[in-house]
Amino acid sequence: MWSSADWDAEHPAGTSLNDLARFSSNTPWPYIQSGYTQKYHEQLNGEYYPVDKLISELTPDDMTLLPRGGFYFRFVTRPAQPGKHTLFVRLTADDGKVFEASCDVDFQ
């Protein structure tokens with residue numbers, strides 16, 4: 001993930017923000033890997049394990065079998081200067097296919 005504008009002194013425009021953005025979702029992958037026996041929680045979607053990590057800490061297992069549209073990003077810090085940023089995200093699938101998206105966010 002990167003921004004079109006400077007985030008702070010350590011993250012000028014175009015540099016990775018993966019150490020500042022958390023990825024949040026859930027996945028049934030650990031449940032499947034356990035042979036459908038080890039539930040995260042018995043009553044509350046026990047088959048789905050939460051994923052909540054800095055993007056820089058994500059593993060391929062964290063990204064396996066994510067729900068469609070069921071994830072989001074949040075930043076651990078705000079930009080040093082309020083203002084508009086275009087945020088870019090790039091995901092690369094196991095087969096090498098690249099997915100990229102962007103959105104405009106006003107950090108006022």
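## Aromatic pairs

A search of the whole structure turns up nine aromatic pairs; rings of Phe, Tyr and Trp (its six-membered ring) pair if their centres lie within 6.5 Å, with planes under 30 degrees apart counted as stacked, over 60 as edge-to-face and the rest as tilted. One of them joins Tyr-31 and Tyr-36 edge-to-face, at 5.5 Å centre to centre and 90° between the planes. Tyr-31 is buried, with a relative accessible area of 12%, whereas Tyr-36 is exposed at 52% (buried means under 20% relative accessible area, exposed over 50%, partly exposed in between, using a 1.4 Å probe and protein chains only).

Phe-71 and Phe-73 also form an edge-to-face pair, with 6.0 Å centre to centre and 75° between the planes. Phe-71 is partly exposed at 33% relative accessibility, and Phe-73 is partly exposed at 27%. Elsewhere, ring pairs link Trp-7, Phe-75 and Phe-107 into a cluster.

## About the model

This is a predicted model, in which local features need pLDDT of at least 70 and side-chain atom pairs count only at pLDDT 80 or more, while totals for chains, interfaces and linings use all residues. Residues are numbered from 1 along each chain as its sequence is written, and side-chain values use heavy atoms, leaving out hydrogens and water.

## The open sheet

Three strands make an open sheet in the order S1-S5-S6, with antiparallel pairing. Strands are DSSP runs (E, at least two residues), numbered from the N terminus, and two of them pair if DSSP finds at least two bridges between them. Strand S1 (2–3) and strand S6 (98–107) stand at the edges with a single partner strand each, so one side of each has no neighbour in the sheet.

S1 is joined to strand S5 (residues 83–92) by two bridges. Here Trp-2 has Phe-88 in S5 as its bridge partner.

## Salt bridges

The count comes to five salt bridges, each a side-chain nitrogen of Lys or Arg within 4 Å of a carboxyl oxygen of Asp or Glu. Among them, Arg-22 meets Asp-52 at 3.3 Å, N to O. Arg-22 lies in strand S2 (residues 21–27) and Asp-52 in strand S3 (residues 49–54), so this pair ties together parts that are 30 residues apart in sequence.

Asp-52 also meets Arg-74 at 3.1 Å, N to O; Arg-74 is in strand S4 (residues 72–75), 22 residues apart from Asp-52. Another salt bridge joins Glu-100 and Arg-90 at 2.8 Å, N to O, linking strand S6 with strand S5. Through shared partners, salt bridges join Arg-22, Asp-52 and Arg-74 into one network.

Conventions. Helix = DSSP H or I, 4+ residues; strand = E, 2+ residues; numbered from the N terminus.
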